[in-house]
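This briefing concerns aromatic packing and the nonpolar core. Please consult the sequence and structure shown below.

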Amino acid sequence: MKQTARILILILLISTSFRAKAQKEKVRANNVLFIFVDDLRPELGCYGNKDIHSPNLDFLASQATVFKKHFVTVPTCGASRASFLTGRLPRNTNDLSNEALELKKTTDEPESFIAALRNSGYYTVGIGKISHSPD
């Protein structure tokens with residue numbers, strides 16, 4: 001199984017467990033901080049670059065999970081983000097477009113793991129272009 005598929009499955013399992021626990025116990029688990037940056041080269045100390053001074057990110061990385069081998073499933077940014085957030089591999093030409101995530105918002109499935117957290121009672125905030133939406 002490819003590394004990307006393993007990562008997507010892991011994210012889906014985590015989000016599903018958060019959802020199940022929140023629904024069962026009506027209590028939220030710990031806070032979740034998800035930092036997603038596309039087009040970022042691994043030019044930080046936590047990736048082994050000794051020339052870059054990034055103490056705050058390195059400290060955060062020392063207490064977090066750092067993915068060092070992530071590959072995209074689609075060569076376009078919007079479609080790649082849609083695949084990453086939903087865990088669904090592209091299956092048709094709509095899934096290959098940069099509007100893939102916007103198209104998925106018109107249907108109930110597949111739900112992004114961020115939407116699953118929101119539906120489980122978490123307050124979610126997205127900053128930047130990960131989903132191209134204000135929330």
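**Aromatic cluster and core**

Phe84 is buried at 10% relative accessibility (buried is under 20% relative accessible area, exposed over 50% and partly exposed in between, with a 1.4 Å probe and protein chains only). The model is predicted: local features need pLDDT of at least 70, side-chain atom pairs count only at pLDDT 80 or more, and totals for chains, interfaces and linings use all residues. Residues are numbered from 1 along each chain as its sequence is written, and side-chain values use heavy atoms, with hydrogens and water left out.

Aromatic pairs
- The rings of Phe34 and Phe113 form an edge-to-face pair, because their centres are 5.0 Å apart and their planes stand at 90° (rings of Phe, Tyr and Trp, the last by its six-membered ring, pair if their centres lie within 6.5 Å; planes under 30 degrees apart are stacked, over 60 edge-to-face and the rest tilted).
- This pair links Phe34, in the loop between H1 and H2, with Phe113 in helix H5, 79 residues apart (helices are DSSP runs of H or I, at least four residues, and strands runs of E, at least two, numbered from the N terminus).
- Phe34, Phe84 and Phe113 belong to one aromatic cluster.
- Phe34 is partly exposed at 32% relative accessibility, whereas Phe113 is buried at 6%.

Nonpolar core
- The largest nonpolar core has 6 residues: Phe84, Leu85, Phe113, Leu117, Tyr122 and Ile130 (a core is a set of buried Ala, Val, Leu, Ile, Met, Phe, Trp, Tyr and Cys residues joined through side-chain atoms within 4.5 Å).
- H3 and helix H5 (113–119) each give two or more residues to this core.
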